[in-house]
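Please open the model in your viewer and keep the selection panel at hand. The stops below are meant to be followed in order, each with something to select and something to look for.

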Amino acid sequence: MSLRPRLTGRAGTPLWRAAPGRLLRDPAGLSLMVVILAVVGLTAAAGPLHDEAVGDGALRTVLAAVPDRAPANQRAVVRLNAAVGPGVPVWDAAVADLDAIPGLGPPRVTAQSISPELHPRLLYGPVGPQLRTARGRAAVRLFAVADPASAVVPTGGAAPTGDGLWLPAPVAAELGVAAGDEVRVRVAGIDDAPKAVAVPVAGTYEVAGDGRTPVSPAGSRLWRELADEGFPTDSDLETLRAHLAVADLDTVGALATAIGDDLLWSAQLAPVADRPRLAPMRTTAQEVRDVRQVLAGRRDLDDLPASVRPGLASGIEQVVGDADELAAATRRGTAVTTRAGLALALVLVLAATGLALARRRREVALAAGTGRHPASTGLLHAVELLPAAVVGGLAGWWLARRLVGLAVPGIVPSAAAIRESAVWAVGAVAAGLVVAAGGAAVVAWSGARRLSGHPPARAPWRVVLVVAAAAATTGLLTRPAATSDPLGPLDLLVPSLVVAAVVAVGTRVAYALLRTRAGRGRRPGRTGLAPWLARRRLGAPDAARELTTTVAATGLGLLVFSVAALASLDDTLADRAAVAVGADTVHRVPASWVLDPDAPVQAEPGELGRPPDPDDVPDARVPPLPDGLSTVWRTRPVVGTTGLRLEVMAIDPDSLVDAADWGAPGGPVDDSRALLPDLASDGGPVPALLVGDVGSLDVEVGSVLTLDTRFFPVIVQVVAAPDAFPGVGAGPATLVVDAGAFLGEGGNDDPRLRPSPQAQFVDTREFRTDLWAAPGTDPLAVLSAAEVEPDLVGSVDQARAAPAWVAATESRRYQVGLGALLGLLGVAAVALGAVRAARRAPAADRVLALVGARAGAPARARVLEVVVVVAVCLAVAVVAVLAVRPLGPVLLEPGDGGLPDAALELPAVAWWTAAGWLATSLAVAVGSSLLVASDRSGAEVLRGED
């Protein structure tokens, strides 16, 4: 018969069976463990969801950046081109292969005349199909579609009369035909071409403003998607689109054979999904690549001319590659933070395990004394945590979807990603239970060692943290200087390591100072008992308190860093967009005088081409524009006798101050606004601002330069050198000057003057003229009034859509979400420490009350303890973030190599975030400690719960 006592729970229930319900009788401990395990599950479950969302978002970003009229090899379509069509084995096989590719819709087959491209022109006569009637002739291209009646808009709602050709309304009017009439068709320009063939006119259709492009019916995108690359050109006027004689596939095929016309057959397929996902699109790209290789490997096609050999044009592979690259850049910036958050949550699981077993130290000692193995103690503790694990895991999985939805809006997770995230959540929570079991086993093993007289074992984790942070920081600072190189995983881990290391050392120093002060305190009177108790307790050595404070301060530090990094990155991108573009939108115009109907006209030259009399030259002016618009001139004159050129940007300071984009408030671009008054000229050299690197030129503030344009020289003097200015990018150095002073030196060659009516040639190449517009203005109305075709040079929206910037922004936005979770862990850590202190103090508090201590003094002492702990967290967290700040230019570099340099600032939102964390931590910790302390009877406290 064994003498070992049977381990039972209450009412004789076996201990293992009662273990899951033990934590339910401890609401504070249960709540803390649910929060901690929810964060564990959330950080793990968010990974697959975020990866998919980032990939899908990257794909949509790349697709949105492709112009509507881009060629097929840049768009997410597949186009098969061949000189043979349906019924030919090579065509049918290729179309079948493409039709079998998952993710692509049915092929849209078309055909068009290519005789002008395959046959040389004879003298000035065009080559290609020609329509003939008694009224005249018209050059056209045959064009085949599956259903002509649904591909065009009939004029006047005319219905088709049957088989035949659909003609553009202007061509039909020119030839004098209508639906039901006949036209004769033949190929002109080829001597041995067959005779003309009579074809009925099925109907006429409307054309767009260019008089040639068919108008698309509602819901159809055929002519828009055909794009410039696929739209045939006029056989006579090659700069214009051709008139199209449209018919069905069979009609065009038979007619081309009859008249000897050559056809290029095309089959175009597009993705089926309106909002495609990256993973299926990746499969589609691989299938397209396989079909391309099959076509390239067919040796029976080698004898065909290269222009008509079957080929595949598709931008799907490139689109998918760009999306993968963009998504990888985003994931690279978030994966490390995710792992750091998971590690911090598991550390807090360890801390909570230590607290739980410290409360039951007599039970642990008894178990060790009766010979229970430490692993049994660890497993029992894991079983106790099962209710918290179930609730926390489900809560974390649900919150992960909400977090990813906020970080990457507009993306609905797929069923596969949801299942994968659930698996990761279960695995992470299970890992948390394993960590808790291991921690409990170590505590039990350590207790057994103490009972046998061995000293407690201590791990030098602070030293390990400091060494790891130093090594990672050294690697970051010694990496190659190429800003386009992405940061590696160890580089991205630097903020977490530095914050954790500085917090660990700072916490140790802070508590050492508190112990020093506690040793100097005098014995208190009745009124000063609370501060004395708090100081005495905080001054006692307590490794568990230091650990929970370190975890809390690390969470706060990473929260503040993530918020500051996102705000700083937004400021950096705002400055770089201002530098790269200059204004919200920038349109190129032929010359400034086209915007000024009343612009002064150049004076007539003198006899024999002599310059006009200076008195006859009118005073030029800057075009009067609505508020928020400004005209900017650019030129590249030669600097004196050096032969080198400098960029010059001539501005109108009065209008530019409202039209330009000045970047982030208080940033380097915004600082240059104060220098605009310095450009006012006093009659001497033209004042100029020097922006950028001058290279080998010996130019600095105070330098006087002679600039030679093609028409006139100008003497300028550098009066200031700002770090940045709107519209001045990372290229060569630029001089910013007042347009009135600089261009006015040109006299009659001032580009603001309207050319003389007698001028035979107007040269606008020397000065490039742009129209800058601020948000909320209507530059298109100004251009329309001036009858100028809009030519968008750039916009802030286009700049902000750059893949590198999108990746950096999404990465930082997600890191803010993770930072909020780490901050929540910090709050839980502070509460955990407060609950632990409250559970250790009641016996002493009760004794103090029995010997006459003033009521409430112990409770006030616990509140003071919490306040001091939170203050220590705030102090060391701020020091840690300041330690990371010098690394900002490297850590926050978006990867585009632009200017100005990135910098980590501490904006007001970061401080407000810290204040919110401070208030939340105080409220939760004080409330938890008071609740725990009040939930005990005096006799139970003095007996001890063990």
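Rings of Phe, Tyr and Trp (for Trp, its six-membered ring) are taken to pair if their centres lie within 6.5 Å, with planes under 30 degrees apart counted as stacked, over 60 as edge-to-face and the rest as tilted. Select Phe712, Phe742 and Phe767 to begin with, which ring pairs link into a cluster.

Before going further, keep in mind that this is a predicted model, in which local features need pLDDT of at least 70, side-chain atom pairs count only at pLDDT 80 or more, and totals for chains, interfaces and linings use all residues. Residues are numbered from 1 along each chain as its sequence is written, and side-chain values use heavy atoms, with hydrogens and water left out.

**Aromatic pairs**

How many aromatic pairs does the structure hold? There are 4 aromatic pairs. Select phenylalanine 143 and tryptophan 223, a tilted pair with 5.4 Å from centre to centre and 55 degrees between the planes. This pair links distant parts of the chain, since phenylalanine 143 belongs to strand β5 (residues 141–145) and tryptophan 223 to helix α7 (residues 222–230), 80 residues apart; helices (H or I, at least four residues) and strands (E, at least two) are DSSP runs, numbered from the N terminus. Both phenylalanine 143 and tryptophan 223 are buried, where buried means under 20% relative accessible area, exposed over 50% and partly exposed in between (1.4 Å probe, protein chains only).

Tryptophan 662 lies in the loop between α20 (653–659) and α21 (668–671) and phenylalanine 725 in the loop between β18 (713–720) and β19 (734–738), so the pair ties together parts that are 63 residues apart in sequence. Tryptophan 662 is buried at a relative accessible area of 5%, and phenylalanine 725 is buried at 0%.

**Arginine 141**

Return to strand β5 and select arginine 141, which counts as buried at 1% relative accessibility. Its side chain reaches the backbone oxygen of serine 113 at 2.7 Å. If neighbours within four places in sequence are left aside, the contacts of arginine 141 (heavy atoms within 4.5 Å) include Pro116, Glu117, Pro232, Thr233 and His243.

**Strand β1**

Select residues 78–82, strand β1, where 4 of the 5 residues are buried, so the strand is largely enclosed by the rest of the structure. Two strands pair if DSSP finds at least two bridges between them. β1 pairs with strand β10 (residues 263–269) in the antiparallel sense over 5 bridges, and leucine 80 stands opposite alanine 267 in β10. β1 is also joined to strand β11 (residues 311–313) by 3 bridges, again antiparallel, with asparagine 81 opposite glycine 311.

Is glutamate 787 buried or exposed? Select this residue in the loop between α23 (779–785) and β21 (792–795): glutamate 787 is exposed, with a relative accessible area of 74%, and its phi is near 55 degrees, a positive value in a residue other than glycine.

Move on to proline 900, in the loop between α28 (888–891) and α29 (908–934), where the peptide bond from leucine 899 is cis, with omega near 0 degrees.

Finish at valine 617, in the loop between β12 (585–589) and β13 (629–635). Not counting residues up to four places away in sequence, valine 617 touches Ala603, Pro612, Gly747, Asn748 and Leu753.

Methods:
Polar contact = N/O pair within 3.5 Å; in protein donor to acceptor, adjacent residues only side chain to side chain.
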